[in-house]
Amino acid sequence: MTKRKWIGAALGWILSGGNILGALAGYCIGSLLADAAKGADGKVNNSGYDGESSAENYRETSFEEMRNSFLFSLLVLSSYVIKADSKVMHSEMEYVRKFLRYNFGDEAVLQGEIILKRLFEKMDNEGMLAFKNVIHRSCMEISFNMSEEQRLQLLDYLIMIAKADGMVSFQEVEVLKDIALHLHLSVQDVESMLNMGYSYEGRQKYSSSKANINVYYKILGISPSATDKEVKDAYRKMALRHHPDRVASLGEDIRKAAEAKFQEINAAKEAIYKARNI
């Protein structure tokens, strides 16, 4: 199948009638959707599914819908995170560019920038309070259409964007918590992920030094005074919710990102087990 522009593929539930994400998609994408159906010569390209069975066609379309839904949701929510402190940081935008390039190719970078620019304009024109209501309604729709594990991965990406400049401001933390609650996740999910260490290319594990033990407890969402049973229960719950196979339907690249997070959860567990001689 000829590779399509990522935003030009079917947007699935995002473009379903009457929802806020559908309205945002129409506002942001505009002519991109029309251009996506055309080749370099300006003619409509209908050759994408030539020779493919209807079942294969359905599977491919369903996969594109899920990925595009995830990506567009990420861009909408990241606009809220990036502007949380009223500044658009170059490092945060560069992180988004790297994410788009790595996961969707060079073409997605330009299209993603256009979408973010239009979202920033909407935010400036309508004011943060009105845009915040749009975000809350978007989160409700995302919660309805994405599994908990997919929402956790979405939140994880937003936290990585916030950390891209080397620090997370109070305003960004408050925005992340606001998003988490409206995604039907928890403040504890935010605090856990904020305590994970990473670089863009691959997360860096903490050392097993005693100084990092408190960080490991924060990753598992428990206090150092927790019993051994509470530690084991917390780890099992985290491992179940963050298992990379649960987001595999979004693509191998996103599954790998979830796997890096999962490895950090395991590293935290191993360090605590070692310190307690469990």
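**Exercise 1. Is Ser86 buried or exposed, going by its relative accessibility?**

*Solution.* Some ground rules come before the steps. This is a predicted model, in which local features need pLDDT of at least 70, side-chain atom pairs count only at pLDDT 80 or more, and totals for chains, interfaces and linings use all residues. Residues are numbered from 1 along each chain as its sequence is written, and side-chain values use heavy atoms, with hydrogens and water left out.

- Step 1: take the cut-offs. Buried means under 20% relative accessible area, exposed over 50%, and partly exposed in between, with a 1.4 Å probe and protein chains only.
- Step 2: apply them. Ser86 counts as exposed because its relative accessibility is 63%.
- Step 3: Ser86 sits in the loop between α3 (54-82) and α4 (90-104). Helices (H or I, at least four residues) and strands (E, at least two) are DSSP runs, numbered from the N terminus.
- Step 4: look at the backbone. Ser86 is not a glycine, yet its phi is positive, about 70°. For background, most residues other than glycine have a negative phi.

**Exercise 2. Find the loop that holds His184, and state its phi and its exposure.**

*Solution.* 

- Step 1: His184 belongs to the loop between α8 (170-182) and α9 (187-194).
- Step 2: the phi of His184 is positive, about 60°, although this residue is not a glycine.
- Step 3: with 57% relative accessibility, His184 counts as exposed.

**Exercise 3. Describe the protein as a whole: its elements, its buried share, its contacts and its surface.**

*Solution.* 

- Step 1: there are twelve helices and zero strands in the protein.
- Step 2: of the 278 residues, 49% are buried.
- Step 3: a contact means heavy atoms within 4.5 Å. Among the protein's contacts with a separation of 6 or more, 74% join residues 24 or more positions apart.
- Step 4: the accessible surface is about 13,300 Å², and carbon and sulfur atoms own 52% of that surface. Such areas come from the Shrake-Rupley method with a 1.4 Å probe; for residues, only the protein chains shown count as cover.

**Exercise 4. Compare the span of helix α5 with the expected value, then list its buried residues.**

*Solution.* 

- Step 1: α5 covers residues 106-126, which is 21 residues.
- Step 2: the expected span of a helix is 1.5 Å times one less than its number of residues. For α5 this expectation is 30 Å, and the helix reaches 31 Å from its first C-alpha to its last, close to that value.
- Step 3: the buried residues of α5 include Ala108, Val109, Ile115, Leu116, Leu119, Phe120 and Met123, along with Gln111, Gly112 and Lys122.
- Step 4: Gly127 follows α5 and has a positive phi near 95°.

**Exercise 5. Which residues outside its sequence neighbourhood does Met93 contact?**

*Solution.* 

- Step 1: Met93 is in helix α4, and it counts as buried at 10% relative accessibility.
- Step 2: leaving aside neighbours within four places in sequence, Met93 touches Ile82, Val88, Leu116 and Phe120.
- Step 3: Met93 and Ala164 are 71 residues apart along the chain, while their C-alpha atoms are separated by 8.8 Å.

**Exercise 6. How many of the eight residues of helix α10 are buried?**

*Solution.* 

- Step 1: six of the eight residues in α10 (residues 213-220) are buried.
- Step 2: they are Ile213, Val215, Tyr216, Tyr217, Ile219 and Leu220.
- Step 3: the buried residues of α10 pack against α9, α11 (228-241) and α12.
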